[in-house]
Amino acid sequence: MNTDPIADYLTRVRNAVAANHRVVEIPASNLKKEITKILFDQGYILSYKFDDETAQGTIKIALKYDKITKEPVIKDIQRISKPGLRKYAGANELPRILNGLGIAIVSTSHGVMTGKQAKAEKVGGEVLCYVY
């Protein structure tokens, strides 16, 4: 039994990037699907596919690498709010990652979104992770 599925998701992506894999397969959940959509919209992953063949389903993520240097686009991905210590931020307290070069993924009452979107909508929430 996995106690922190979001940390497992982030670790699988981090390990796949470190090993220069092209595709990573992750067990699906609605929150993981929303995080995957945000990573795709922000340009951190190449593509994704939701497979619902099994009861739980899986997410297949094609990782993105620089064409010239072959460096991964995702330099680091960190879990911030953990089950043992939740981190919440108000609309005015949402962090800027690397002076705007990275993103914070926030779970709000309006759904999962980036820190910039949450600040624009003037909503706070649980800071799930940082990606840069």
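**The interface between the domains**

Author: In this predicted model, the rule finds 2 residue pairs in polar contact across the interface of domain 1 and domain 2, both at pLDDT 80 or more. Salt bridges across the interface of domain 1 and domain 2 number 0 by the rule.

On the side of domain 1 that touches domain 2, two or more residues each are given by α1 (5–18) and α2 (30–41). Of these elements, α2 supplies the largest share of that side, with 5 residues. By kind, the residues on the side of domain 1 that touches domain 2 are 8 nonpolar, 1 polar and 2 charged.

The two parts may now be placed in the chain. Domain 1 covers residues 5–63, and domain 2 covers residues 77–131. Their C-alpha centres are 19 Å apart. In the contact between them, 11 residues of domain 1 meet 13 residues of domain 2.

The extent of an interface can also be expressed as an area. The size of an interface is often given as the accessible area lost when the parts come together. Between domain 1 and domain 2, the buried area is about 1,100 Å², and carbon and sulfur atoms give 79% of this area. Within domain 1, the residues that lose the most area to domain 2 are L10, I38 and Y44. Together, L10, I38 and Y44 account for 44% of what the domain 1 side buries.

Methods: Residues numbered from 1 in each chain as written. Predicted model: local features only at pLDDT ≥ 70, side-chain atom pairs only at ≥ 80, totals over all residues. Heavy atoms only, no water. Domains from an automatic or database assignment. Contact = heavy atoms within 4.5 Å. Buried area = accessible area lost by both parts, 1.4 Å probe. Salt bridge = Lys/Arg side-chain N within 4 Å of Asp/Glu carboxyl O. Polar contact = N/O pair within 3.5 Å; in protein donor to acceptor, adjacent residues only side chain to side chain. Helix = DSSP H or I, 4+ residues; strand = E, 2+ residues; numbered from the N terminus. Nonpolar A, V, L, I, M, F, W, Y, C, P; charged D, E, K, R; others polar.
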